[in-house]
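Visitor: I would like to learn how to read the features of a structure, moving from the whole to single residues. Could you take me through one case?

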Amino acid sequence: MLKNASQTLSGAWQDIENRYAGSMFGVGWAVLYPAVLVLIYAVLYGEVYKTKPAGMETISFIFLISAGIMPIISFAEGLSLSCSIFENNRNLLHSNVIDPRFLPIRAVLVGQMSGLGGLFVILAYMAVSTQL
C-alpha cells in the first residue's frame with residue numbers, strides 16, 4: 001500500500017507540474033486563481049451589488065462566500081479530472097508501472113490544488129485581519 005501511495009503522490013505532483021507547465025506563473029496559478037476569484041467576488045458583491053449582512057464588513061462577507069465556494073470548485077475539478085483520467089493516461093493502463101485503481105485518487109489530488117490555494121488565501125486574510 002505504501003508503494004502505491006508514494007507512486008500516487010509522485011504521479012500527482014507530476015500531473016500538477018504538467019498542468020501548469022508553460023504558463024507564466026507555473027504552479028503559482030494554484031494560489032493566483034483563488035485570489036483572482038476572491039477579487040472578482042469583491043468587485044461584484046462589494047461594489048456592484050453592495051451586499052453584506054448586518055454587522056459584518058463587506059470584505060469579511062466576501063471571504064465568507066469564498067470560503068463556501070472553494071470546496072465546491074475543488075470538488076468539481078477533482079470530479080472532472082477523475083472522469084477523464086483513464087482517457088488521458090491510456091499509456092499507464094497498458095503498463096505494469098502503476099495500479100490503475102489509484103489513477104482516480106491521483107486526479108482528485110490534482111483537482112484539490114485550487115482548494116488548497118484558496119485555503120491559503122483565506123488563511124492569509126484571516127491572519128492579516130487578526131481573526132485567526
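Predicted model: local features only at pLDDT ≥ 70, side-chain atom pairs only at ≥ 80, totals over all residues.

Visitor: Which secondary structure elements does the protein have, and in what order do they run from the N terminus on?

Guide: The secondary structure comes to seven helices and zero strands, and from the N terminus on the elements run α-α-α-α-α-α-α. The radius of gyration is 18 Å, well over the 14 Å that the globule rule gives for 132 residues, so the protein is more spread out than a compact globule.

Visitor: What share of the contacts in the protein with a separation of 6 or more comes from residues 24 or more positions apart?

Guide: Such residues account for 65% of those contacts. As for burial, buried residues make up 34% of the 132 residues in the protein.

Visitor: How should I describe the surface and the charges?

Guide: The accessible surface comes to about 8300 Å², and 69% of that area belongs to carbon and sulfur atoms. The protein has 7 positive and 7 negative charges, whose mean positions are 4 Å apart.

Visitor: Where do the buried residues of α6 fall when one looks down the axis of the helix?

Guide: The general idea is that an α-helix has 3.6 residues a turn, so residues three or four places apart point the same way. In helix α6, which spans residues 103-111, the buried residues are Leu103, Arg106, Ala107, Val110 and Gly111. Seen down the axis of α6, these buried residues fall within an arc of 140 degrees, so they line one face of the helix.

Visitor: Is serine 66 buried or exposed, and with which residues is serine 66 in contact?

Guide: Buried is taken to mean a relative accessible area under 20%, and serine 66, with a relative accessible area of 0%, is therefore buried. Serine 66 is found in helix α3, residues 58-83, and, leaving aside its neighbours within four places in sequence, it is in contact with Val38, Tyr41 and Ile122.

Visitor: Why does glycine 11 count as buried?

Guide: Glycine 11 counts as buried because its relative accessibility is 4%. Glycine 11 lies in helix α1, residues 2-20, and its C-alpha atom is separated by 16 Å from that of serine 84, which is 73 residues apart from it along the chain.

Conventions
Residues numbered from 1 in each chain as written. Heavy atoms only, no water. Helix = DSSP H or I, 4+ residues; strand = E, 2+ residues; numbered from the N terminus. Buried < 20%, exposed > 50% of the residue type's maximum accessible area, 1.4 Å probe, protein only. Contact = heavy atoms within 4.5 Å. Arc of directions from axis to C-beta. Rg over C-alpha atoms; globule rule 2.2 N^0.38 Å. Areas by Shrake-Rupley, 256 points an atom, 1.4 Å probe, with all protein chains shown as cover. Lys, Arg positive; Asp, Glu negative; His and termini not counted. Charge placed at Lys NZ, Arg CZ, Asp CG, Glu CD.
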